[in-house]
Amino acid sequence: MSQLSRLISILTLLRSKRLLTASELSKKFDVSVRTIYRDIRKIEEAGVPVNTIEGKGYSLMEGYTVSPVQFTEKQANALITAQLLVHQTNDSSFTTDFNEALTKIKSVFRTSIQEKSELLASKIYVFDTNYENISSDALSEIQLAITHFNYVEINYRKAADPNMTFRKIEPYALFSTNNKWILIAWCYLRNEYRAFRLDRIQSFKILLERFIDRNFNLKTYFQSCPYDSK
């Protein structure tokens with residue numbers, strides 16, 4: 001890889017990731033850490049505002065933008081295919097956000113790539129063999145609550161139970177199985193971690209109050225408490 005290509009790639013990575021270390025970049029491009037230091041200096045000399053966080057790595061200044069990158073046809077096809085798979089989540093908030101993001105991404109496609117991607121979209125179909133009505137509209141908000149450590153209040157209805165229960169929870173993780181989105185949260189009603197199907201949440205409220213992270217580990221949870229999606 002030429003130096004120019006590497007500099008462009010480093011800049012692209014900085015735009016797509018919050019923080020990168022010199023060690024990560026050196027392994028990525030198979031060059032020395034010293035070479036990465038020189039590359040970062042060249043990027044800075046070109047007028048790009050790179051923040052150097054001592055002992056942590058590099059990031060771009062908040063709000064900085066550069067000219068849009070060009071997508072290859074295969075990359076565009078991957079996004080079109082992902083859009084069809086995203087629609088299988090049956091969560092209206094998430095599919096709406098993804099579609100809006102993809103519209104912005106498509107705006108930088110070259111005309112020829114856009115025409116090919118539209119053609120491909122008309123020639124792909126994803127069959128859903130699960131006929132259960134499991135729609136929801138909470139995924140996007142719940143994701144924000146997880147990353148901002150906000151308490152959430154929910155009214156929840158279990159399967160085959162006509163009664164709703166009120167829960168105050170600390171949301172920690174999400175996973176998807178059989179087209180169902182499952183939230184793992186600390187439940188104050190049960191005083192333990194519980195799994196909640198998003199489509200069974202009848203209403204919810206994201207609170208401004210924040211909780212202290214319990215250092216939840218999803219892998220450890222699965223090992224100790226496998227989930228039954230029914």
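Predicted model: local features only at pLDDT ≥ 70, side-chain atom pairs only at ≥ 80, totals over all residues.
Residues are numbered from 1 along each chain as its sequence is written, and side-chain values use heavy atoms, with hydrogens and water left out.

View A. Asn150 is found in strand β3, residues 150–157 (strands, E, of at least two residues, and helices, H or I, of at least four, are DSSP runs numbered from the N terminus). At 11% relative accessibility, Asn150 counts as buried (under 20% relative accessible area, with exposed over 50% and partly exposed in between, using a 1.4 Å probe and protein chains only). Not counting residues up to four places away in sequence, Asn150 touches residues including Leu144, Pro171, Ile206 and Phe211 (contact means heavy atoms within 4.5 Å).

View B. Five strands form an open antiparallel sheet in the order β6-β5-β4-β3-β7 (two strands pair if DSSP finds at least two bridges between them). Its edge strands, each pairing on one side only, are β6 (192–197) and β7 (201–210). Neighbouring strands of this sheet are turned by 45° against each other on average, direction ignored (axes are lines fitted to C-alpha atoms, for helices over the stretch in contact, and angles run from 0 to 180 degrees between N-to-C directions). Helix α7 (residues 139–148) packs on the sheet, touching β3, β4, β5 and β7, and its direction makes about 90° with that of β4.

**View C. The aromatic pair of Tyr156 and Phe196.** The structure holds 13 aromatic pairs (rings of Phe, Tyr and Trp, the last by its six-membered ring, pair if their centres lie within 6.5 Å; planes under 30 degrees apart count as stacked, over 60 as edge-to-face and the rest as tilted). The rings of Tyr156 and Phe196 have centres 5.0 Å apart and planes at 85°, so this pair is edge-to-face. Because Tyr156 lies in strand β3 and Phe196 in strand β6, the pair ties together parts that are 40 residues apart in sequence. Both Tyr156 and Phe196 are buried.
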